[in-house]
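Work through the exercises below with the sequence and the coordinates at hand, and try each task before reading its solution.

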Amino acid sequence: MANPSSDEIATFLREQYLLWNDQKRDELMAYFRRMAPNGFTIEYVGRLPQDGEQAMEEMFAQYGGKCRTDLLQLLVNGNEAATYVDNRFVDTDVGMPSIETYKFEDGRMQIRYFHQA
């Protein structure tokens with residue numbers, strides 16, 4: 001299976017944050033499945049990787065509609081990317097920056113989130 005192109009990765013990353021902010025969970029999950037037909041993992045750095053679908057469901061339950069994500073920087077090199085994101089809680093306007101890395105390989109996607117502890 002061919003890896004997505006750098007342009008496809010950049011488009012996906014920009015779009016995922018918009019879908020999150022618009023609370024379009026089903027569309028976002030479908031997009032993840034298209035980009036990673038063989039599955040994906042999410043790792044909060046410092047913890048073990050988790051099944052991506054389960055982790056996204058938990059993320060939506062905890063933060064959906066409560067936390068906005070604004071992409072500040074995007075870098076794509078080959079089949080890997082890094083983003084710098086401002087996560088901002090809607091009710092309090094408290095921000096929590098994150099650096100996120102993405103690797104696309106053989107139909108799989110590996111996501112790693114670096115959050116302030």
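This is a predicted model: local features need pLDDT of at least 70, side-chain atom pairs count only at pLDDT 80 or more; totals for chains, interfaces and linings use all residues.

Residues are numbered from 1 along each chain as its sequence is written, and side-chain values use heavy atoms, with hydrogens and water left out.

**Exercise 1.** Determine the secondary structure of the protein and its order along the sequence.

Solution. Count DSSP runs, taking helices as H or I with at least four residues and strands as E with at least two, numbered from the N terminus. The count comes to three helices and six strands, and along the sequence they follow the pattern α-α-β-β-α-β-β-β-β.

**Exercise 2.** Compare the radius of gyration with that of a compact globule.

Solution. The radius is taken over C-alpha atoms, and the globule rule is 2.2 Å times the number of residues to the power 0.38. For 117 residues the rule gives a value near 13 Å, and the protein has 13 Å, which agrees. Along the principal axes, the C-alpha atoms fill a box of roughly 45 × 30 × 25 Å.

**Exercise 3.** Decide whether Ile99 is buried, partly exposed or exposed.

Solution. Locate Ile99 in strand E5, residues 95–105. Buried means under 20% relative accessible area and exposed over 50%, with partly exposed in between (1.4 Å probe, protein chains only). Ile99 counts as partly exposed because its relative accessibility is 43%. Across the protein, buried residues make up 36% of the 117 residues.
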